[in-house]
Amino acid sequence: MTNLNSAQLAAVSHTKGPLLVLAGPGSGKTMVLVQRLARIIEEGHAYPSEILSVTFTNKAAGEMASRVEKLIGSRAREISIGTFHSICLKLLRKHSEKIGMSPKFLVYDDYDQTALVKECLAALNIDTGKILPNAVVDKISRAKDSCLDPKSFALKLGDNPYLRKISKVYDLYQNRLMQLEAVDFGDLIRLVVKMFDDYPELLSLYRRRWKYVMVDEYQDTNNAQYRFIEHLVKEHRNICVVGDEDQSIYRWRGADVSNILRFAEDFPGCDVVKLEQNYRSSKAIIRAAAVLINNNAGRTDKEIWTDNGDGEKVSVVSCDSERSEAEFVACKIQEVASQGKRYGDISVFYRTNAQSRPFEEAFSIKGIPYRIYGGVRFYERAEVRDVISYLKLVVDSNDDLSFLRAVSSPSRGVGKTSLEKLKSYAAFRGISLSAAIPSFVGSGAIRRSTGEKLLEFCSVIASVRDASSSMGLGELVRELLEKSGYISALASVSSVESESRLENINELLTAMEEFVPASDSDPLVEFLDRIALVSEIDRMDDDRGAVTLMTIHLAKGLEFPSVFMVGLEEGLFPHSRSLNDPNELEEERRLCYVGMTRAMNDLTISYTFKRRLFGAEKYSVASRFLGELPEDSIRRISLSSPPFCADDNDSSVSVNRSFKRRSFLPADEFDYSSDDFSGEFDQRPQEERRAPYSNGMRVRHPVFGVGVVRSCEKTSFGHKVMVSFNSGEVKRLIAEFAGLVCL
């Protein structure tokens, strides 16, 4: 107790009634939770078995259990400590008869869920090219987060035809789960809430058992989790929640920040303790982050502060392009490493997974060990591998592995049975799958419609192969993806997943546009060779670790001595989805705040003036968040070209050209004040600032001809438009990718 500050001591000493602990980043909240648990037990307010402590991760639950045991010994093992899902799973197993299942019911994970949803889509004859299984899984999960069963979900839909189809899938999906004696993760909490509603005597039993309830990361709770906790504490009101609305960043997966904001209304007379002292970061970092987050309206009045040293000012760096941004970060990391610092103390944060590509390439070329935290390396991502399989087929039509992947991506009505017959046919004759298709289709072994689709697929690959010698790599891949239907399949679906996949494809296209062959060989072959090598590079210095690359969402709860936050541009960070929604925009600012407060000593924030979008260079607009940072805590650096690194002597690497260093001068010529920020930093020409594809506009497509724009949605990867063509066809397209021309 002697190590606690006054606010921490106040939280630990509170042992009766509702308590809200607003814990800023790096404020020692875990220690407060542990000490409070120990005090309740030591002072005899409750036995260990009468306490429920809920966390969001198994790691956090394990750490808490271990630390409490160090304080009070083996008695700590009687406390119910776990995640919402683990606690509710135990309750469902113990009272399975209440939900009409045996105690040995199965729990379906994400893979199982997706497989079952695919089965339901097939049973309902719903095209998985138009409604992605993962998008359906997400909608069902969000419904369960709100405690909506299929019937309740259907009542809330209105006339939306897309959601109506998902409602049918949800209904069939839930029936199949019951038949299979299975539940998914969303059911674990939802069914416990329903069980408590249907069986008041059971609820009363657990209210008597758990006399004290504590919840960590309360700002991330969803409706189902909120109702579960509310049921348990409604009578005794011995509830302590710890959280920070400024760090609520999971709205997209059901979290409701209003749960923590209205806690005082839900529990009148509650005590509120603010843990505002930060023990992690320097004064400069804390000042900058505090000023940024004060721009949010949906927050309580609190100010984080620290007794740590001033530290270096936050660096705000402007770069020409994403490539020069990656070069700058790589060179800066080399500089830090040359001073003996560990690579493992450095992390690069980005808003979307697609942004990792230029950094992976720059690090690989410069020999900087890195790892993708909680994610997949760029060239190993499913959609990137899909496109690469197409490219490999263009190079070599006999590549059977690439054929099998490409012909199934996107779904084109060629099923597993037909492909198995084709494989047997080709194997018997000792020829490749592509070579076997004409005679196989002519043999009548499969339905005529399926055969026509196989022939059409081969025709697309062959036509691109024939024209490849006269195309640049960027033009080649655009032609391939449009003719194959891959892009249109993704563009036809509105989901976070499809948007992320399109962003990754855009990054691959950018990599191909930037690629400069080092020899006179086929540039496509050389490109494929190079990325094969990049995929295999994974050098790790055991003593010095590896630089960590991750999305900011995954950085929550972590800390690093040195942090680079990259891509601070409008439409990227804040993300395009948030620009017309004040609530989403505030969440983006909270995300930026979370990223900044992961840094202990050094924080560098960067943005670019230009990015490539489906092969075309587009000017960027610096993020509004940069204009909200206080001038006394930052220093601005303007780079007109990527910095030269002293050890860049390998002239054989095409990406590593001889760049000249420009002095790191403060960008005084730029005014980041909020009054004229938007105009000063919008580097785009006037024609790009106007909405390019408004409803009713006439456009021409190189294949479909003339049409009229019916809808347009601005996204981080371009304009997603729906066009009615004169031929009667209606297409969803990415305008920049499709080559639409305004008439």
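In the predicted model, helix 20 (residues 433-442) and helix 21 (residues 448-467) pack against each other at an angle of about 155 degrees, and their axes lie 10 Å apart. Angles over 145 degrees count as roughly antiparallel, and helix 20 and helix 21 are therefore roughly antiparallel to each other. The crossing of these two helices is left-handed. On the side of helix 20 the contact is formed by I437, P438, F440 and V441, and on the side of helix 21 by G451, L454, L455 and C458. Seven of the residues in this contact are nonpolar and one is polar, while none is charged.

An open sheet is formed by six strands in the order 3-2-6-7-1-8, and the pairing within this sheet is parallel. From one strand to the next, the twist averages 15 degrees. Strand 2 (residues 51-55) runs parallel to strand 3 and is joined to it by four bridges, and T55 stands opposite T83 of strand 3. Helix 1 (residues 6-13) packs on the sheet, where it touches strand 1 (19-23) and strand 8, and the direction of helix 1 makes about 145 degrees with that of strand 8. Helix 11 (residues 223-233) likewise packs on the sheet, touching strand 2, strand 6 (212-215) and strand 7 (239-243), with its direction at about 160 degrees to that of strand 6.

Strand 16 (residues 599-608) has seven buried residues among its 10, and so it is largely enclosed by the rest of the structure. Strand 11 (residues 314-319) pairs with strand 16 in the parallel sense over five bridges, and V316 has I605 of strand 16 as its bridge partner. Strand 15 (residues 560-565) also runs parallel to strand 16, to which it is joined by five bridges; here the bridge partner of S562 in strand 16 is D602.

In a regular strand the side chains alternate between the two faces of the sheet. In strand 20 (residues 698-701), V699 and H701 make up a covered face, whereas R698 and R700 make up an uncovered one. Strand 20 pairs with strand 24 (residues 741-742) in the antiparallel sense over two bridges, and R700, from the uncovered face, has V741 of strand 24 as its bridge partner.

Technical notes: Residues numbered from 1 in each chain as written. Predicted model: local features only at pLDDT ≥ 70, side-chain atom pairs only at ≥ 80, totals over all residues. Heavy atoms only, no water. Pairing = 2+ DSSP bridges. Axes fitted to C-alpha atoms, helices over the stretch in contact; angles between N-to-C directions. Contact = heavy atoms within 4.5 Å. Parallel < 35°, antiparallel > 145°, perpendicular 65-115°, else oblique. Left-handed = near helix turned anticlockwise from the far one by under 90°. Nonpolar A, V, L, I, M, F, W, Y, C, P; charged D, E, K, R; others polar. Buried < 20%, exposed > 50% of the residue type's maximum accessible area, 1.4 Å probe, protein only.
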